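The sequence and the structure are shown first.

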Amino acid sequence: MTENGQFPEGFLWGGATAANQCEGAYNQDGRGLANVDVVPIGPGREAIITGQKKMFSFEEGYFYPAKEAIDMYHHYKEDIALFAEMGFKTYRLSIAWTRIFPQGDEAEPNEAGLAFYEDLFKECHKYGIEPLVTITHFDCPMHLIREYGGW
């Protein structure tokens, strides 16, 4: 902060999310399953995160918050309008690897996934918000884990 209590010129005021924490739509428009999708909340979570228990798909009796999250995939326009209302100038977000490359080892990207992020970036720019992208945020396609043991 400056002497008069203001943020300095060029300060990047904004917020951040991780794709698995907000997008939802885990199985829509060609998106593949990621390791972060099959991490439940509640009992057993720590054992799965630390690798003591292997979970490669959804199991009965668990709640998986990443499946739906806040459904930003379908509501990003409203969400970004709220960011603008808060005065955000930047938005740090991660890209869901499995939305672009559903299996993780395809030769060609999933066009629907690319279109989603392109539309999201355009919506940010509409409000003068600069996207700041994290390429990966702890996510790995389950196909790579099954086939090769991970990334």
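## Asp105 and its partners

Not counting residues up to four places away in sequence, Asp105 touches His143, Leu144 and Tyr148, where contact means heavy atoms within 4.5 Å. The model is a predicted one, in which local features need pLDDT of at least 70 and side-chain atom pairs count only at pLDDT 80 or more, while totals for chains, interfaces and linings use all residues. Residues are numbered from 1 along each chain as its sequence is written, and side-chain values use heavy atoms, with hydrogens and water left out.

Asp105 lies in the loop between H4 and H5. Helices (H or I, at least four residues) and strands (E, at least two) are DSSP runs, numbered from the N terminus. The side chain of Asp105 makes a polar contact of 3.1 Å with the side chain of His143, and a polar contact of 3.1 Å also joins the side chains of Asp105 and Tyr148. A polar contact is a pair of N or O atoms within 3.5 Å; within protein, one must be able to donate a hydrogen and the other to accept it, and residues adjacent in sequence count only if both atoms are side-chain atoms. Asp105 counts as partly exposed because its relative accessibility is 37%; buried means under 20% relative accessible area, exposed over 50%, and partly exposed in between (1.4 Å probe, protein chains only). Lys77 is 28 residues from Asp105 along the chain, and their C-alpha atoms are separated by 30 Å.

Thr17 lies in the loop between strand S1 (14–16) and H1. Its relative accessibility is 18%, so Thr17 counts as buried. The side chain of Thr17 makes a polar contact of 2.6 Å with the side chain of Tyr91. Leaving aside neighbours within four places in sequence, Thr17 is in contact with Cys22, Tyr91, Arg92, Leu93 and Ser94.

Ser94 lies in strand S2 and counts as buried because its relative accessibility is 2%. A polar atom of the Ser94 side chain lies 2.6 Å from the backbone nitrogen of Ala19.

Helix H3 (residues 72–85) spans only 17 Å between its end C-alpha atoms, whereas a straight helix of 14 residues would span 20 Å at 1.5 Å a residue. The expected span is 1.5 Å times one less than the number of residues. H3 has a kink of about 40°, centred on Glu78; the bend at a residue is the angle between axes fitted to the seven residues ending there and the seven starting there.

The buried residues of H3 are Met72, Tyr73, Tyr76, Asp79, Ile80 and Phe83. These buried residues pack against helix H1 (19–22), strand S2 (90–94), helix H4 (97–100) and helix H5 (111–126).

Met86 is placed in the loop between H3 and S2. Its relative accessible area is 48%, so Met86 is partly exposed. Met86 and Ala34 are 52 residues apart in sequence and 32 Å apart in space, C-alpha to C-alpha.

## Pocket and cavities

The largest pocket has a volume of about 570 Å³. Of the 22 residues that line this pocket, the closest to its centre are Asn35, Val36, Val39, Ile48 and Ile49. H1, helix H2 (45–49) and helix H6 (142–148) each supply at least two residues of the lining, and the largest share, 3 residues, comes from H2.

A search of the whole structure finds 2 cavities of 30 Å³ or more. The largest cavity has a volume of about 40 Å³, and the residues lining the largest cavity include Ala19, Glu23, Arg31, Asp37 and Arg99. On a 1 Å grid over the protein atoms alone, a cavity is a set of points where a 1.4 Å probe fits but cannot get out, and a pocket is an open set with protein on both sides within 12 Å along at least five of seven lines; lining residues have an atom within 4 Å of a point. Grid points are joined across faces, edges and corners, and a volume is the space filled by probe spheres set on the points.

## The chain as a whole

The secondary structure of the protein chain comes to 6 helices and 3 strands, which run β-α-α-α-β-α-α-β-α from the N terminus on. Of its 151 residues, 37% count as buried. The C-alpha atoms fill a box of roughly 55 × 35 × 25 Å, taken along the principal axes.
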